[in-house]
Amino acid sequence: MQEELNQFERNNVWELVPCPPSQTIIGTKWVFRNKLDDQGNIVRNKERLVAQGYCQEEGIDYDETFAPVERLEAIRILLAYSCFKNFKLYQMDVKSAFLNGIIQEEVYVKQPPGFENFSRPNDVYRLKKALYGLKQAPRAWYDRLRSFLLQNGFTRGEVDTTLFVFEKGQDCLLVQIYVDDIIFGATNESLFKKFSKLMQGEFEMSMMGELNFFLGLQIKQCQEGIYISQSKYTKELLKKFGIEEGRTVSTPMATNVKIDKDEKGKSVDESKYRGMIGSLLYLTASRPDILHAVCLCARFQSNPKESHLSAVKRIFRYLKGTCSIWFILSKNENFALKGYSDWTMREI
């Protein structure tokens, strides 16, 4: 907790001032959690002082909150491109990233619980930079990072605005942003070292080495290609929905069963059904073998029946027996875009 407050002082996040009249004073609280690796082991105990941003009112305490976030599909494209160009991807983490974002509004917060100033107990902090929990914090951080990269010769992607590219001759450096996590790789090692030095000179960074775990994806970068798995995420889903026990099946969907609206069937909990479908859709990033079955079941989220829930549970039982499957992006394939039509799978 003291380390967190020391970070505030180094980043010049706030200043203690007398409580201003007719101003909304936002509360603060401490949040604690364990940071896990891809095997579920605790690697760090983290604490965070957050503002109770739910007290903020739009138009009074903040204006713009939108900050672009990369999609999982963008990560897969980046992984495929690194395979094609034969370079490795690395990961870095910005320490207390939101504390680097400069806010434009006047925001006041209460003193942190347990760390009140005894000589000035009624004073409050006026924020100079963003604090976790504020509505505008993600936007402020993204603007700060975007401006910094653009000033240093990067260009931003026109479609994916979380992708930044630096080109030098025939070589290029790719940087993908997900809030405070940064994935990057370069076709030239000198560009890689230059970027690492550049970021560490501006922000407090944690260099995490080669990319191996990101957004629930377990990643192995090998000589023959890149392996992707979500086995940890799959096991968590099985535990969450109570399908750890029972038999497994060899296919995600029975071939002799036709799924329709089943209007005469018995209704089931919509919230649980939608949660199962949403979780499975995220899993399709590395499991194309379940995509058809999941999308078919997703059609009936408005009024699911027991027959639909039974079909979804079959997908989970299939996953239970295939947790160890890995999806590979091979280096020996070209980067040409292919399309297929109808069930004959004829190449266009």
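**Aromatic pairs and strand pairing**

The count comes to 16 aromatic pairs, where rings of Phe, Tyr and Trp (its six-membered ring) pair if their centres lie within 6.5 Å. Planes under 30 degrees apart count as stacked, over 60 as edge-to-face and the rest as tilted. The rings of Trp14 and Tyr125 are stacked, because their centres are 3.8 Å apart and their planes stand at 15°. This pair links Trp14 in strand β1 to Tyr125 in strand β7, 111 residues apart. Trp14 is buried at 8% relative accessible area, and Tyr125 is buried at 12% (buried: under 20%, with a 1.4 Å probe and protein chains only).

The model is predicted; local features need pLDDT of at least 70, side-chain atom pairs count only at pLDDT 80 or more, and totals for chains, interfaces and linings use all residues. Residues are numbered from 1 along each chain as its sequence is written, and side-chain values use heavy atoms, with hydrogens and water left out.

Strands β1 (residues 14-17) and β7 (residues 124-127) pair antiparallel over four bridges. Strands are DSSP runs of E, at least two residues, and helices are runs of H or I, at least four, numbered from the N terminus. Two strands pair if DSSP finds at least two bridges between them. Val17 has Val124 in β7 as its bridge partner. Strand β6 (residues 108-109) also runs antiparallel to β7, joined by two bridges. Here Tyr108 stands opposite Arg126.

One aromatic cluster is formed by Tyr90, Phe154, Phe166, Phe184, Phe192 and Phe195.

Notes
Buried < 20%, exposed > 50% of the residue type's maximum accessible area, 1.4 Å probe, protein only.
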